[in-house]
Amino acid sequence: MGEPDGVSRRDFLKVGAVAGCAAMTMGVLGGCAEQNTAPEALVEEPEDAPKEDASAEQAAASAEQAAAPMIYLIDHMVVKPGKGREVHDAYLERLETVAAEKGMTLEHAIVAPPIWLTDAESNNTLEFIWSFEGYGKLAAAISYGDASVTEWWRGLEESLESRDRSYFSTEADVEVLNR
């Protein structure tokens, strides 16, 4: 047998299962399961530490509630075999410049499985999660009708099996948005 042509999902899962078992065994046997921080009861505050009064806590809670609701944009893509790294980098390069202008914050860029698959039969799945404070910033970031954005997505889609875009918010923020 010669060198493998690439890493397949099956090969990744085999290695991951073995590594997971080894890590679990080493963690328990090596003492990693022990508590490494002091229990809260043993942590004492210095006597001269400033104490927050109840009115300051209430004001902070009110300010938090008055903040604009968070909306999350999730781009989920299944890339063609061997194109994971290429699509990941192209996406982030394009959206990094847009994010600064439009008030977008990248919360997560997730790759599954957590290895760049290079064989001709396996796909990486990419998920990018962006956050926006309120509808205003979200509306400013979405460029419907912008020919350059449409052209960029068409070029990227040549390397994709599928893509989906969804919008989410926490239940508490949905209540605010529905007022």
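Author: What follows sets values against cut-offs. The model is a predicted one.

Reader: What makes Asp75 and Arg165 a salt bridge?

Author: Their closest N and O atoms are 2.7 Å apart. The cut-off is 4 Å, from a side-chain nitrogen of Lys or Arg to a carboxyl oxygen of Asp or Glu, so the pair qualifies. Asp75 is in strand β1 and Arg165 in strand β4, 90 residues apart.

Reader: Why is Asp75 called buried, but Arg165 partly exposed?

Author: Buried means under 20% relative accessible area. Asp75 has 1%, so Asp75 is buried. Arg165 has 31%, which lies between 20% and 50%, so Arg165 is partly exposed.

Reader: How do you know that Glu86 and Lys83 form a salt bridge?

Author: The N to O distance is 3.6 Å. That is within 4 Å, so the pair counts. Glu86 is partly exposed at 44%, and Lys83 is partly exposed at 30%.

Reader: How many salt bridges are there by this rule?

Author: The count comes to three. One of them joins Arg163 and Glu157, at 2.7 Å between the closest N and O atoms. Arg163 is partly exposed at 35%. Glu157 is partly exposed, also at 35%.

Reader: Why is Asp119 called buried, given its place in a loop?

Author: The loop runs between β2 (105-112) and β3 (125-133). The relative accessibility of Asp119 is 12%, under the 20% cut-off, so Asp119 counts as buried.

Reader: What makes Asp119 and Ser122 a polar contact?

Author: Their side chains are joined at 3.1 Å. The limit is 3.5 Å, so the distance passes.

Reader: How do you know that the buried residues of α5 line one face?

Author: They are Val149, Trp152, Trp153 and Leu156. Seen down the axis of α5, they fall within an arc of 95°, so they line one face of the helix. Ala147, Glu151 and Arg154 are exposed on the other side. The buried residues pack against β1, α3 and β4.

Reader: What makes α4 one-faced in its buried residues?

Author: Gly134, Leu138 and Ala141 are the buried residues of α4. Their arc is 70°, so they line one face. On the other side, Tyr135, Gly136 and Ala139 are exposed.

Note on methods:
Residues are numbered from 1 along each chain as its sequence is written. This is a predicted model: local features need pLDDT of at least 70, side-chain atom pairs count only at pLDDT 80 or more; totals for chains, interfaces and linings use all residues. Side-chain values use heavy atoms; hydrogens and water are left out. Helices (H or I, at least four residues) and strands (E, at least two) are DSSP runs, numbered from the N terminus. Buried means under 20% relative accessible area, exposed over 50%, partly exposed in between (1.4 Å probe, protein chains only). A polar contact is a pair of N or O atoms within 3.5 Å; within protein, one must be able to donate a hydrogen and the other to accept it, and residues adjacent in sequence count only if both atoms are side-chain atoms. The arc is that of the directions from the helix axis to the C-beta atoms. Contact means heavy atoms within 4.5 Å.
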